[in-house]
Every structure is written in C-alpha cells, then in structure tokens.
Amino acid sequence: MSDAEGDVEEELHGDRLPEGLSAAQQELLLKRSCEYHARVPTHNRVVFDRASKAKQPAGDQRQLGSHLVFSSEFECGNLQRATQIFAQEYDLDLSADCSEGVEPELSRVLPHGSPCQWYYFSVVNVTAGWYTFNLHGFYKPASLYNTGLRPYMYSKKAKCWKAVGENVCYFKHRTRKRKQMDVYVLSFRVQLQDPRDVVFFSYCFPFTYGDLLFYLRTLEEASAKQHFYVLKRKTLCETVQKRKCEVLTLKRSLTAAQKEQRRQRKQPRKYIVFTCRVHPGETNSSWIMKGILDFLTSNKATSRQILSTHSVICIPMLNPDGVALGHYRCDSNGFDLNRVWKNPHPELHPTVYHAKQLLLKLQAKGQISYFFDLHGHSRKEKLFAYGCSGAKGFHSPCSHRFPHEEKVLPLIMSKLYREFSFPASRFAVSRRKEGTARVVCWAELGIPLAYTLEASFGGSAEPEAEGGEDAAA
C-alpha cells in the first residue's frame, strides 16, 4: 500500500478499514472515498429541498430542466435535500428523526440528536445513463452495504422491486461531523433508462401504515368466509397524531359444546403475543409479521394445532406515526419507544402504555407462553433472537422450568431453518436494555420466554438452495 493510500485509509476509518471485507471491497472503499473527497463540483446546485417553500415544477418533463427531479413527499418518504454535483452525480441528505428521548449515545449523532438510516424517495425526468448517488447522514460505523447489501429500486413501469447498484460502498465522511460524531456516506452507481418511468429507491421494501390497513381489511374479509378460526380486530389506542394502533386476536373457532367443555375444565388460557414496527424503518419486520399472519390463517395442520392450544395476539404496528413520517427509529416526538416500556407515559407513549396494560390483562386471565418483538438488524446477517436469562441486578418474578429453557426455541429454529443463526443469538440482559419490550416482559411481567426476533436487512449469507427463493428479510 502506498503512503497516499495509507493516509486515505487512516482518514477513512481512523486507523484501519473495517474487518472482514474482501480485498476488492477494501480497494473500492479506498478508491471511492478518495474520489469523493477530491471532487470539484461543476454544478453544485440544490435541485430538491423538502423544507423549502419553493417546490419543483410539475407537469411536462420538458419543462423540468436537465436534472433529475426528486421527491419524498409521500407516506414513509425520507429525503431532505438533493444537490446536483455533476451532470449525473447527486449528493442526497436524509431527514433525521426528532430529538427527544433518544439514547445518550444517539443524541449526539445528528442535528436535533436523532438517528438516521431509513431512506425512501422517487426520481423522474431521467436521461438514459449511469448515475451516482451519495447518501449522507448515516451514523453507524459499520454496514452490510460493504458485505453485499444493495439499495432497492421500484419501477412503476416494471411494477416490481429489485436490488440494484454497482460500486456500492459505505465509508466515513472525512470532514463532516454532527454533534461531534462521525457521519457516514452510502455511495452507489445505478443505470436509469426510461425517461417516462418513475422509480423509487429505498433502504428496504416499504410497508406503510396504509399498506397495513389494506392488509388488515383483506384479513377480515377472508376470515368471514371460513369457520376454522376467529379473527377479532380492535383499536388498541390512538397515537399522538391520532392514528389507530390496531390489535388482532386469532383463536380457534369452537362450537358451543366445545366452549362449555373448555369452561368446565377451568384450564388457564394460553397466549402467544407478537409486537412489530416499534422502530418504523425496520420494514422487513412487517413483512415477517405478514408471513406469520398468513400462515396462522392458512388452515394448515400446524396452524390449526397452534390455534387449538393458544390464542394469538398481534400488535402489527406499534409506531404508526413514525412509520408515516418516514422515521427510522423514533416516534413523532422523537422517543425511541423500545426504551420506554419500563415506565411508559399514557399521553407521550400511548401505544406502549396500552400494549403493556394489555399484557397485564392477559397475564391476569391466563398465561403468556411466548412474547415476540419483531425487529430488523442493519449489521448482522441471517435471523436470530435475543432472549432473557438471569443476570446480576435483575430479578424476574418468573422462573424457567429447566436450565437454559430460553435457549431451546432458538436452537430448534436454527436446526429447522438454515436462515436462522443460533450463534448470533444472545441471552444476557444488560442495564442498557432494561427499558426494552422483552426485558420488561421478562423482568417485570414474569414472561419467561420473551424474545426480540431480529431479521437482517441483508438476508441470509447462505447460498440459495436450488429452486429456492430469496430470503424475505
């Protein structure tokens, strides 16, 4: 390595490149970072600013000028500003979440102290050719973009999402800092071909609040046409911005005689509880939640068996406001709702407050056998779980039936599915996580098998089986 390359490497990541990268990716990182920081822009003009009152003109594309036309003014959209650097290269600044209530280590990261990871924007007025996009505002020092993850693009003409991009790399900005913290850049090249097309770019496949409402309506309509399960849909509460937080109950359809027989046995009711999208940018968790609900309502033998022994409670979107606003981690007030479970406020954190009250009612009526909080993960691969075991300073009212009971389910899942990683799963409980859903369910509510289920944004690192499909997460 030359002295110049060594200087670039030192500036790029302090004293060394991230570990585990291929030689080709390390070379790309060094080259692209050097090119990026040595640029002398020929255009350097702002072509989109979401905060500006002067909007881009609409109508005939011939009147829009020679630059791409960007927008993020739709549900889940996240793009604050677009600056044209060269004819076919753009710097894109992401919108940050709000500021209140975020963790101390995150409060120094971005303007107003909020994290930034999710992006979702549209592009029109294309001239066929290759374009370079540099997205600014990421705060995590490592990313799956350096190990195979690529941005996703949707074409209105093709009507499908696909992973796109060449020379995809994620590196530290040498000079820009926010609140004394480093800022990172995602850079990639993409080929755009059809001037009449509208394309969207996103961190992961979107699943909006509107998508959820449409899906729940289809579930209700389907449930009315069958007799093997009962689906009840209710409003758990209203959010700060007056959106509905929905809760679903699924259970086996019983005859009057079966109901009477169950009542006479006086067996405690058993529940399985799912929560999802407390972090709005983790859209892959919603697709997993949809897959779980599709399976439970499929009338397959295993789904019938589950519903015959347990009622399934699902809160499919705990943070509708954050989802609608295009946030990555916080709600409309800037709170990370997965850090307030220990003492949620009924007005500031209504969805978590009412979710916790619901869990307490279920525990009073019967037994919550399993609790699952679904999430997406930006730095690990595959699917994995975080569970709870005894730790110093934590005293749970529940007790495991046998040693290491909390590890059994993740171990079984790793044996059944190659996409699930038991070695990546963790079961220790730290003080930093004491306000999360799984720790509060275990330590305060007495649910021994409370889990956070994580799905990588990069999917599985395993090679695809012949004839198989890509991993959903």
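User: If a salt bridge is a side-chain nitrogen of Lys or Arg within 4 Å of a carboxyl oxygen of Asp or Glu, which residue meets Glu 419 in one?
Analyst: This is a predicted model, in which local features need pLDDT of at least 70 and side-chain atom pairs pLDDT 80 or more, whereas totals for chains, interfaces and linings use all residues. Residues are numbered from 1 along each chain as its sequence is written, and side-chain values use heavy atoms, without hydrogens or water. With N and O 3.6 Å apart, the side chain that meets Glu 419 belongs to Arg 418.

User: Is Arg 418 buried or partly exposed?
Analyst: Buried stands for under 20% relative accessible area and exposed for over 50%, with partly exposed in between (1.4 Å probe, protein chains only). Glu 419, the partner in the salt bridge with Arg 418, has 25% relative accessibility and therefore counts as partly exposed. Arg 418 has a relative accessible area of 33%, so the class that applies to Arg 418 is partly exposed.

User: How far apart in sequence are the parts that the salt bridge of Arg 39 and Glu 89 ties together?
Analyst: The closest N and O atoms of Arg 39 and Glu 89 are 2.9 Å apart. Arg 39 lies in the loop between α2 (23–37) and β1 (45–49), while Glu 89 belongs to strand β4 (residues 89–93), where helices (H or I, at least four residues) and strands (E, at least two) are DSSP runs numbered from the N terminus. Both Arg 39 and Glu 89 are buried. Because one partner sits in that loop and the other in β4, the sequence separation bridged by this pair is 50 residues.

User: What is the angle between the planes of Trp 341 and Phe 371?
Analyst: Rings of Phe, Tyr and Trp (its six-membered ring) pair if their centres lie within 6.5 Å, and planes under 30 degrees apart are stacked, over 60 edge-to-face, the rest tilted. The structure holds 35 aromatic pairs, and one of them joins Trp 341, in the loop between α7 (320–325) and α8 (350–365), to Phe 371 in strand β16 (residues 366–377), so that parts 30 residues apart in sequence are tied together. Both residues are buried. The pair is edge-to-face, at 6.5 Å centre to centre, and the angle between the planes is 70°.

User: Which residue stands opposite Tyr 120 in β11?
Analyst: An open antiparallel sheet has the strand order β2-β5-β11-β7-β8, two strands being paired if DSSP finds at least two bridges between them. At its edges stand β2 (69–71) and β8 (160–163), each with a single partner strand, so one side of each has no neighbour in the sheet. Four bridges join the antiparallel strands β5 (residues 120–124) and β11 (residues 199–202). Across from Tyr 120, the residue in β11 is Ser 202.
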